[in-house]
Amino acid sequence: MQVVSIQVAFGFLLASLGLLAPLVLIASRTKRARAFAITLIVGSNVVGWFVAALCFWGESKLALTFSGFTPFPFALGLDRLSAFFLLLICTVAVPVAIFAVSYFDKHYGEQRRNWIWAFFSLFLLSMITVVTASTGFAFLVGWELMTLLSAGLILMEGDSAERRHNVFIYLLMMHAGAAAVVASFFLFLPYSHSLDFAGIRAASPVVPAGIRVLIFLLAFVGFGTKAGIIPLHLWLPRAHPIAPSPASALMSGVMLKTAVYGFVRFAFDFLGGGPSWFGYVVLVAGAVSGLLGVLYAIAEHDLKRLLAYHSVENIGIIYLGLGTSLVFLANHAPVLAALALIAALLHTLNHALFKSLLFLGAGAISNATHTVDLEELGGLQRRMPVTGTAFLIACCSIVGLPLFNGFISEWLTFRSFLAGSVLLNTKAQIVLPLMVGVLALIGGLAAACFVKVFGVAFLGRPRSSEAEHAVEAPLLMRGGMTMLAAACLLIGILPGVLLRPLASLTQVLIPGAGVPDETVSIARIIPWIAAIILGVTAITALTTRVQRMAPTWGCGLSQLTSRMQYTSTAFSKPIRFVFSSVYKPDRKLDKLPTDKPYFPVSISYRSVRTTSYEKALYRPFVDLIVSAAHQLRRLQTGNIQVYLLYIFLTLVALLTFLRFQR
Amino acid sequence: MTTVINVLQALILVLGAPLVSGIVSKIKAWIQRRQGASIWRPYIEIAKLFRKEDLVPPSASWVFRFAPKVLFGTTICAVAFVPVVHPSALLASRGDFFFLVYVLALGRFFLSLGALDGGSAFGGMGASREALVSTLAEAPFLLGLVAISILAAHADIAGMVMWTLQRNVFDISAVHILAFTSLAMVVLAETGRMPVDNPTTHLELTMIHEGMVLEYSGPSLALVEWASAVKLHALLALLISLFGPWGMASTVSVWGTGAALLLYLAKVTVLMILLALVESVVAKLRMYLVPDFLGVAAAVSALAVIFTTLVKG
């Protein structure tokens, strides 16, 4: 009975996102039809949340097959891992959709609004297909649709030349990544004879070691491109900031996570780990992405670009956990491998929550002030108290401060590094504990960055008249943000709710893994810490007396102006100075007229961050492809006889091939 | 009974903190051949500030008003992880050192935000510099503690202290020396002491912590001052309990605890004299030399972690 009702509910989710809502939106232009479609999208995601919750917290499983209708086997299913990611998608989708109702109403005309909602709905469906697919074909269909639909959402916002160039880079890199993913699926084919996940899993032990390495590396590169690990992150800071804010929230919060899902599916479920260098490769990629991601983020003052770089950083933290888990797996320490995997998966969910909240906050800011440039903001906390407080919760979460959800997963990652010291392998004994220092540095830099973001955007005095006249976001926007903020706090204070089912999830992926002690101990201590901090803070707040307004001390000047405050650029200057070797700033100072440098009429100063390593890495590759394309052009003569010759030669080649195959 | 001792330990750390600051200033005054203020002066100042009016800039939001309270709350919470006379503390056996470090980070995060909320240049300057110092101090802080916890095979502070307590004084390894060096450097940076920051200056070129709290007055300032004193005391007590716990009462008895308390006072006095000496002898580092100082601390702590593999085996 329960199985049937879950199947019906899941079918309803697919049907309403994939067919009903888009059809209604495209067919009818009335306001009522749109309201119906939006209700359907939100409602079906709530239903999807319950389906996922039943399969994640309970024991239910689900399988739906559509193979009768499709040329290749197409089936969807929910095991614990899929259920966890479905839960993630639905948890984020509901608040984002609620926020989007007001956001899209304000930003798009009647005509465009219906299309963007249709894309929104289909984009959600494609991501759900990816995480619930149980055949390679279904997975790849979802994977490709996800790329195309998100590109569509970006182009909805406009189609300037620059935007099209960025979308081009996005699509190019995504397809290169998708090619790697397809290849890693097909490498299983000679051994499993089908792309059914169950078949792949069963065939995995007979795959020879060399092919396993190839599959792992292709999956690492393919999913790494989507996840945005450095140096494959090039598209991320270009594509994410230019999408509409709710779409950015879904792309950063959810779409990147499907790559983590794919990587976990391949590395843990299909391959079941491998030699320990697999782990070190992932660990190094995580450390590099984490450090460089946060360093690039600090230098930004465009809020959405800054947040996009923080996605790179957080993917780095997730990969640190995954890499550690693979190292433990290779060293036959299943319980510790489970601990690191739980840390990575929990951070995946946490990042989905706070990053989508941050992007929604950026949307609310741009809605109120028409800019996301930090240098133009300031003083928004007093003007937008609810948005500001939700944004502050997200900032504390992403920094990984106690009482907020980011801390739980970072703490678990720290503890799994520390546990590396009990291994018998000297390399792991040294490398893993030292990673504590790397993660601490990442955390410290993230703290500096978000003090800057929140302090410059929301505190102090407004730096522009738009910021001065900003008003609080509309009800639905506030509602969406409050839901996400509440989720961040809930996980931060009561992590046990998620840690127990996550421990059972890892037991499926890692045979022989028990429940790590750390997952139990953190759930016990966090309420104590919360009680002490909140208790003492409340006591001091209750006992202090009334406060009186008095102007900020102006060093004797009568009137302080907002230009006297620290700006975002000024705030990050010491850190940029210390890490200047990373940025390699390209400075240019022009004084006019040039013959009188001490009496300039105009001075212009420009500082651009050069990305030398990106050029060094990508330029030869791009040059190679372009020259190969030039060579290929010779084939295309325009002469019909030559083309007939090609056809003839192909025919001969195929016939010979068939002759020798027999 | 243990709970009573644990609560008493926390009270010693919190209530004795202003005295520690007072004594350090007194010793510094003596080294500089001055009379110096009374060692009870910090108590009088805090009491005076609590009676004064609390001024708030008109542009400030609730973040400005709450920052000192959150700072105080988190500092009190951090105290619950630090043993003084008994190898235990309220939370020291339930949670590990990561909590201690990150609870302190939570308070610092809010104080930096409060500084930016004042809307003056000084607050931003202080917060920006504090961000640099604390960013770079976090890694050596954690790595130094990681080294000790690997040797002790315990991540909770109570377990680490207990392990050291069971060793002989002469069993101290290179790891301990390296970890102590890096943690001592980190404590100087974390508590805003020379050569990283000058707690007595109000000169805009040099101030870090003082720049952040410039806009606070009255009870809010009292909470900030008290919290920084508590932080200094708690970190000194942490150094003592990790690197010189001998003499702590491992069983619960009145005489043992009393003796341990006297020994603790002696040990903390030694550290205070050392701190005063460092502050009197060393000049404040230029802002951009602080990364080098903390870089040395990070390198030393990384060495400590690497050497654990040799010491353990």
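Student: Which residue of β1(B) is the bridge partner of Met549(A)?
Tutor: Strands here are DSSP runs (E, at least two residues) and helices are DSSP runs too (H or I, at least four), numbered from the N terminus. Two strands pair if DSSP finds at least two bridges between them, and three bridges join β3 (547-549) of chain A to β1(B), the two running parallel. In β1(B), the partner of Met549(A) is Val56(B).

Student: What kind of model is this?
Tutor: Residues are numbered from 1 along each chain as its sequence is written, chains are lettered from A and ligands numbered from 1 in the order in which they are written, and side-chain values use heavy atoms, with hydrogens and water left out. Local features need pLDDT of at least 70, side-chain atom pairs count only at pLDDT 80 or more, and totals for chains, interfaces and linings use all residues, as the model is predicted.

Student: How many residues of chain A are in contact with chain B?
Tutor: Contact means heavy atoms within 4.5 Å. By that rule, 74 residues of chain B touch chain A. On the side of chain A, the count is 70.

Student: What area is buried between chain B and chain A?
Tutor: Buried area is the accessible area (1.4 Å probe) that two parts lose on being put together, summed over both. Carbon and sulfur atoms give 75% of the area here. Phe99(B), Tyr102(B) and Phe109(B) supply 11% of what chain B buries, more than any other three residues. The buried area is about 6300 Å².

Student: How far apart are the closest N and O atoms of Glu53(B) and Arg548(A)?
Tutor: A salt bridge is a side-chain nitrogen of Lys or Arg within 4 Å of a carboxyl oxygen of Asp or Glu. The rule finds two of them across the interface of chain B and chain A. For Glu53(B) and Arg548(A), which form a salt bridge, the distance is 2.6 Å.

Student: Which element gives the most residues to the side of chain B that touches chain A?
Tutor: Elements that each supply at least two residues include α4 (97-117), α5 (121-152) and α9 (218-243) of chain B. One of them gives 17 residues, the most, and that is α5(B).

Student: Where in chain A is Asp79(A), the salt-bridge partner of Arg265(A)?
Tutor: The closest N and O atoms of Arg265(A) and Asp79(A) are 3.0 Å apart. The pair links distant parts of the chain, 186 residues apart, with Arg265(A) in helix α11 (245-270). Asp79(A) is in the loop between β2 (75-78) and α3 (80-107) of chain A.

Student: Which residue is joined to Met194(B) by a cis peptide bond?
Tutor: Omega of this bond is near 5 degrees.

Student: How far apart are the C-alpha centres of domain 1 and domain 2 of chain A?
Tutor: Domain bounds come from an automatic or database domain assignment. Chain A is divided into domain 1 (273-535) and domain 2 (624-661). Their C-alpha centres lie apart by 52 Å.
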